[in-house]
Amino acid sequence: MKVLSVVGARPQFVKLAPIARAADAAGVEHVIVHTGQHYDPMLSDVFFDDLRIPAPDVHLGVGSGSHGVQTGAMLGALDAVLSEHDPDWVLVYGDTNSTLAAAVSAVKLHYPVAHLEAGLRSFNRRMPEEHNRVLTDHAADLCLAPTRVALEHLAAEGLSERSVVVGDVMTDVLLGVRDAVTDEFPQLLLDAGLREHGYYLATIHRAENTDDPARLRSIVESLSGLDRPVLIVAHPRLVAKAAEHGIDLSTGTLVPHRPLRYPELVSVALRSAGVVTDSGGLQKEAFLLGVPCTTVRSETEWVETVELGWNVLAETHEAIARAVQRPMPAPTDAQPYGDGRAAERVIEVLLEGARA
Ligand code: UD1
């Protein structure tokens, strides 16, 4: 069996790592195509190095652009790549523009498409990721759901017959990396003078939080007045927008930092007193590490983190400050994101599908 994975943005490299390992262990031929959506070394290359992912077989080098321009450029480039490699499955990941482009190219060329992390919904039709995931699920031949809730969403849209719960592959990676970084206190915390549980970790990158100057200013003001230092790990868009709007990312309690390598991020999240983020992945990583999270959005796809009390949605200046400084939630042993062996299950399901 030959599986062709298409990835392009940071969270997809994390999901690719356990899939590449499981494919290798099962003797499955695996072709990796990188669209080039993320091209900064700290958003791309370091993930391949740190998570020991084989170098991409094909790099499309598409780069940034408006949603249509970026997605269209990938789509245009992918047709020839898929035809050349002629895979048994095209595997697409998550909800980025790279995901949608690969799903559309594959379905039009009649290659079977499997969607990893299928069935997540925010029900916010203004989110680019919501368009990408809904359209990809409906184009896919196989929807690989991470959770029961995701499977219910797929069923509600008439997709149950092609859907299966496999668990969450990010859990696979996170548990391994957590065990590897537990002992060593990270140098970057020492350099910044931050103590274990003496700081918060923040990441803000979504367009709805960064592009409106008033909104970004209100978030930054809220974070800069918290009761502990805030290590703010800045995506290039946040840096660019803050500069454009004249907003200082080093004011008050804020300690700005370049994007982190994945093991650094896990280590720094694990040692923080709490995470504040608008990232999808980091909300769940905080939960799996037993760290309280505040999500700067009006909804989340990872509803289990909220239901179990480990994640609070907060959008205004006051709500963010209140949520971050709340008491520690009650411990839970619930495992809504699987047992850390999702990638093996994905490869098994793909093998079954290829034989059918
Ligand atoms: C993308 C995904 C988002 C995911 C995020 C992870 C979509 C619609 N969004 O958002 O779901 O959570 O990746 O980080 O696919 N830029 C750089 N260097 C890079 C890449 C981007 O400077 O290597 C800057 C550019 O100014 C670019 C902007 O960041 O225009 C946005 O990048 P883009 O890939 O469009 O979306 P992300 O916000 O990264």
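Predicted model: local features only at pLDDT ≥ 70, side-chain atom pairs only at ≥ 80, totals over all residues.

Me: How many residues surround the ligand?
Reply: Q37, H38, Y39, E129 and R237 are the closest. The shell as a whole counts 20 residues.

Me: Which residue has a backbone N or O atom 2.8 Å from an oxygen atom of the ligand?
Reply: A polar contact is a pair of N or O atoms within 3.5 Å; within protein, one must be able to donate a hydrogen and the other to accept it, and residues adjacent in sequence count only if both atoms are side-chain atoms. The side chain of H205 has an N or O atom 3.3 Å from a ligand oxygen. For N97, a backbone N or O atom is 2.9 Å from a ligand oxygen. The 2.8 Å pair belongs to D40.

Me: What share of the ligand's accessible area does the protein cover?
Reply: Areas come from the Shrake-Rupley method with a 1.4 Å probe; for residues, only the protein chains shown count as cover. On its own the ligand has 730 Å² of accessible area. Of this, the protein covers 84%.

Me: Which elements give two or more residues to the shell around the ligand?
Reply: Helices (H or I, at least four residues) and strands (E, at least two) are DSSP runs, numbered from the N terminus. The elements asked for are α1 (10–25), α3, α5 (128–139) and α11 (236–245).

Me: What span should helix α3 have, at 1.5 Å a residue?
Reply: The expected span is 1.5 Å times one less than the number of residues. Helix α3 (residues 67–85) has 19 residues, and its end C-alpha atoms are 27 Å apart.

Me: Where does α3 bend by about 30°?
Reply: The bend is the angle between axes fitted to the seven residues ending at a residue and the seven starting there. In α3, Q70, T71, M74, L78, V81, L82 and H85 are buried (under 20% relative accessible area; exposed is over 50%, partly exposed in between; 1.4 Å probe, protein chains only). The bend of about 30° is at L78.

Me: Which residue caps the N-terminal end of α13?
Reply: Helix α13 (residues 280–289) has 8 of its 10 residues buried. Just after α13, G290 takes a positive phi of about 75°. At the N-terminal end, a side-chain oxygen lies 3.2 Å from the backbone nitrogen of G281, and the cap is S279.

Me: Why does H59 count as partly exposed?
Reply: H59 is in strand β3. Its side chain has a polar atom 3.1 Å from the backbone nitrogen of G61. H59 counts as partly exposed because its relative accessibility is 48%.

Me: Is E299 buried or exposed?
Reply: E299 sits in the loop between β12 (293–295) and α14 (303–307). Leaving aside neighbours within four places in sequence, E299 is in contact (heavy atoms within 4.5 Å) with S122, N124, M127 and L313. Its side chain also makes a polar contact with the side chain of S298, at 2.9 Å. With a relative accessible area of 15%, E299 is buried.

Note on methods:
Residues numbered from 1 in each chain as written. Heavy atoms only, no water. Near = heavy atom within 4 Å.
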